[in-house]
Amino acid sequence: MLTPDDFDAFFAAVNGGKKPFAWQQRLLAELSEGRGWPDRIVAPTGSGKSTVVDVHIFAVSLFAAGSIGPVPRRLSVVVNRRALVDRHAERARDIAEILAKADSGVTADVASALTSLRQIPRAWAIDIVNMRGGLEPDRSWIDDPCACQIICATPDMWGSRVVFRGYGIGRLARPRDAGLLTHDAVMVLDEAHLNLQLLATARRIAEFVAPEAERIGIPGLHVVETTATPANSTSRELRAVDVSGVDLTTDDVLRDRLTIAKPVQLLPVPQWPPQRDADHRRCVDILVEQVTRLHTTYGRASSNGRTVACFVNTIRLATEVAKTLKDNGLVVEVVVGRMRAYDRRALPKGLLTTDGNDIVDVAVATQTLEVGVDADFAAAVSELAPAQALAQRAGRVNRIGRLTSTEFTVIGPDADSDLLTASTGRESRRLVVPPYADRGETEQYDHLRETWEWLAHKESDAAGLSPWALTTKPPPPEPPVRTLIQRLEHYDAWLLSRTNGELLSEPDLALWLRDSLEKEKPSAGLVVRSQLPRQTVYATSLLCATPPLADEIYPTDIAVLRTLLRPILERNRAWVYRNADLQNLQDSDDIGPGDIVIVDSTEQVCTCGVVVGSPHDTGSDVYDDLDGARWRFTATENGRTWEDRMLDDIADITRENDDPFGCPVESGVIDVLLRYQSRSQPLRKALAVPTDRLVLETDGLDTPSSRWLVISEISPVAVDDEARQLYTPARRVLLGEHNAAVAERAEHLGERLGLSTRLLPVLAEAGRQHDIGKRDPRFQRVRLRNNNPENTLLAKSYLSPRSARLAEYAGGLPLGWRHEQLSAAIAYASLTEGADRDLVLRLVGTSHGHGRPEFPHGAADLIDTDTKTGTHARQLFDGGFWDQLIETTHRSWGVWGCAYLEALLRAADCQISAEGR
């Protein structure tokens with residue numbers, strides 16, 4: 001059986017044989033001994049803060065094996081850089097793959113223990129979720145609350161979800177995220193000094209959740225801040241290095257990482273920061289000159305043979321420096337936040353790890369590499385930035401202390417610069433250092449001046465910017481962006497929890513989530529596609545059938561995209577993908593936040609892989625590399641026949657889907673793009689598959705004989721919450737059997753999660769009643785197409801997902817009529833008054849995300865009010881008892897506690913539905 005003593009072996013197995021540092025062992029010991037996560041982890045740059053993922057996974061496996069008491073199953077790693085969110089997710093996936101391949105030893109034991117927690121079988125023992133802008137959100141994790149889960153998120157994505165306003169998800173799903181992310185969960189906020197408002201909000205929510213989680217019987221939310229330079233101490237603080245430095249005398253690896261000197265060289269530059277084009281060009285030339293010098297002295301052109309880095313503050317500088325270096329014959333990689341996920345994964349192996357890469361000469365980066373990346377460069381040049389940012393950038397130089405000499409050069413203002421001569425309150429042109437300049441002019445001058453003076457002191461110190469030297473003379477703190485941190489109150493939580501309807505005035509989440517209240521630049525995306533049909537109508541049809549995939553989207557902001565599109569639209573066509581709808585784009589000013597524009601791959605749209613307003617390069621079409629197709633076929637030249645396997649598979653689909661609604665029968669989402677070069681006319685007959693999964697366009701291509709074929713198969717996992725209420729992958733599901741199965745599963749989930757025994761019958765009863773309103777004859781006939789409701793009551797039918805959505809608008813029921821509202825009325829009529837009756841009724845009524853806190857219809861539209869159930873419906877929905885019930889359950893179980901219990905019931909329902917029951 002797994003024990004805490006196995007941690008060293010596990011850590012080595014997932015970290016290439018490296019042993020854990022003492023602080024990582026201490027962290028596991030605190031979790032194993034029941035003391036829980038600390039409030040803060042103080043870890044200098046290079047001491048391995050990102051390994052909290054490793055510790056979490058092993059601690060949860062110990063719990064699953066019965067070796068220790070309960071620990072939170074969900075770890076959210078929150079960091080204010082999209083690229084670093086991706087990096088954390090990739091790191092978690094690497095561990096998951098190691099566990100999946102393990103057949104013996106400690107990794108196999110860990111995998112077995114974690115798999116035992118799962119209710120839904122999957123290939124990996126861990127759920128890994130990437131929450132950041134520009135990605136289609138993964139929703140599968142909310143269906144298995146028992147599993148060990150790693151959530152990697154930006155502050156906005158995590159924060160918006162815990163305050164019931166999740167960006168990128170539907171209103172009805174918001175309570176599920178809010179409940180699960182605040183219960184049985186820990187959130188680690190990396191570099192918390194950059195997100196003080198989110199830290200305060202998260203801690204306030206944890207305070208609210210603590211008593212309700214104790215009543216429910218599970219761990220509540222624990223918030224951990226990580227920092228290299230704490231401003232104060234806390235009672236629950238874990239230090240990566242003991243204040244006395246004892247850890248440095250006992251661990252050679254940690255000592256080298258933290259104490260090897262990193263000398264600083266300052267290079268004053270006229271007219272820095274650049275404000276005009278001429279200044280900008282001069283800055284590019286100076287950066288290129290310094291990078292070339294470092295490359296020759298410390299980099300791959302020297303005996304070290306390692307990559308050097310160039311840190312700049314803007315995308316414009318990054319792309320122009322990179323292009324110039326490439327023109328000079330160097331091998332250059334650009335690493336910025338505005339990269340496609342596809343390109344980030346395609347970066348040369350080892351570049352962003354301590355292993356390094358033996359091909360890349362220079363890595364040009366923005367603030368993307370400041371935190372959360374274990375890169376190890378031979379030397380670096382950087383623009384002046386806030387002191388904390390420079391300390392982080394220096395932490396990526398000679399990171400593990402393998403080199404005997406290195407250098408960190410900083411270019412900044414000369415003696416005549418406004419930055420150094422400006423006095424407090426001086427009226428002057430606005431001097432900014434983007435993207436850090438989100439504060440008043442005086443604070444900008446003061447902090448950057450302090451940083452330059454601090455660097456001058458470090459220049460005379462032989463240790464320079466080594467992490468240990470920074471603990472004795474830390475960077476000057478940045479001035480607060482907000483003078484007042486907003487405190488979340490109970491009445492705010494009650495307002496935010498009203499999720500199923502539009503509020504008169506939607507709350508501005510920046511108040512609770514962001515340090516800066518200035519409006520961020522609205523973002524959009526760009527996709528390039530090749531070999532599009534010549535005729536626009538055919539091209540549009542094809543793009544509708546193959547919508548953009550998250551990893552092929554170039555992120556950008558709207559202003560840059562509009563500038564880029566103006567000349568393109570004068571000579572070529574473009575499309576905009578918005579709210580799952582594709583339209584031809586006529587005017588670049590029509591682009592709005594979140595839009596995705598599609599252009600032909602022959603257009604110049606980027607420089608060094610980054611979308612810019614004045615590009616030098618074309619983009620790349622990577623759809624075929626990303627679509628995950630199970631079937632890929634090409635025509636043979638001899639006789640132009642299809643591979644036999646293709647015909648067999650298509651015949652199977654046709655046979656298994658011969659019902660009038662084209663019901664899909666297999667699991668997994670399959671999108672297949674076939675480019676068929678043949679004049680073979682029998683092709684049409686061979687591909688007689690349902691039309692809702694077939695788009696076949698002929699002619700209109702550059703090659704007249706070409707054929708485009710798209711076959712997609714819809715899976716229950718991909719069906720939205722609304723369609724799931726009617727759709728089933730089975731032929732049909734009986735109502736009584738479905739309700740009984742959900743009741744059993746909900747109670748089972750509660751038992752597995754260790755909920756209070758008081759709540760187990762509550763979940764079971766709510767499951768038994770949650771769909772009982774579907775027995776309404778009108779619902780049976782209109783929505784489920786059941787022509788014999790007197791004898792057989794259905795919970796779900798053989799409708800296709802598309803037909804299920806259209807059934808919402810069929811006649812016979814008021815628009816927006818909700819079966820769970822009737823379920824609540826029926827349950828009210830049948831349940832005896834007791835301590836937990838209100839909670840059961842709430843769970844029944846909110847079992848699909850509605851009723852928080854109202855429904856669209858009164859009793860008269862819901863049911864015949866002359867019946868017993870109708871009388872109770874009047875009391876509930878006309879007499880105000882439902883509103884009172886929502887308030888009562890909030891007081892008893894908490895805003896987030898109710899959301900968590902709703903999430904468990906809905907998970908049980910989704911699991912049973914996915915099983916075809």
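Buried means under 20% relative accessible area, exposed means over 50%, and partly exposed lies in between, with a 1.4 Å probe and protein chains only. By that scale Glu225 is buried, at a relative accessible area of 9%.

This is a predicted model: local features need pLDDT of at least 70, side-chain atom pairs count only at pLDDT 80 or more, and totals for chains, interfaces and linings use all residues. Residues are numbered from 1 along each chain as its sequence is written, and side-chain values use heavy atoms, with hydrogens and water left out.

**Confidence**

pLDDT is the predictor's confidence in each residue, from 0 to 100. The protein has a mean pLDDT of 82. Of its residues, 82% reach 70 or more. Residues 423-431 have pLDDT below 50, and this stretch has 25 contacts (heavy atoms within 4.5 Å) beyond near neighbours in sequence. Residues 628-719 are also below 50, with 182 such contacts in the model.

**Nonpolar cores**

A nonpolar core is a set of buried Ala, Val, Leu, Ile, Met, Phe, Trp, Tyr and Cys residues joined through side-chain atoms within 4.5 Å. The largest one has 120 residues. Phe10, Ile57, Leu114, Ile126 and Leu455 have the most contacts inside it. Helix H3 (residues 52-64) gives the most to this core, with eight residues. Helices (H or I, at least four residues) and strands (E, at least two) are DSSP runs, numbered from the N terminus. Leaving aside neighbours within four places in sequence, Phe10 is in contact with Asp54, Ile57, Phe58, Ile95, Leu99, Val106 and Val110. A second, separate core has 91 residues, including Ala202, Leu822, Leu831 and Leu862.

**Salt bridges**

A salt bridge is a side-chain nitrogen of Lys or Arg within 4 Å of a carboxyl oxygen of Asp or Glu. By this rule the count is 50. Three of them follow.

| Pair | Closest N to O distance |
|---|---|
| Arg338 and Asp557 | 3.2 Å |
| Asp771 and Lys774 | 3.1 Å |

Glu225 sits in strand S6 (residues 221-227) and Arg203 in helix H8 (residues 196-216), 22 residues apart. Arg203 is partly exposed, at 29% relative accessibility. Both belong to a network of salt bridges that also links Arg40, Glu237 and Arg239.

Arg338 lies in the loop between strand S10 (332-335) and helix H13 (341-345), and Asp557 lies in strand S15 (residues 554-557), so the pair ties together parts that are 219 residues apart in sequence. Arg338 is buried at 17% relative accessible area, and Asp557 is buried at 10%.

Asp771 is buried at 0% relative accessibility. Lys774 is buried at 0% as well.

**Arg306: a buried charge without a salt bridge**

Arg306 is found in the loop between helix H11 (277-297) and strand S9 (308-311). It is buried yet has no salt bridge. Lys and Arg count as positive and Asp and Glu as negative, while His and the chain ends are not counted. The nearest side chain of opposite charge is Asp376, 4.0 Å away.
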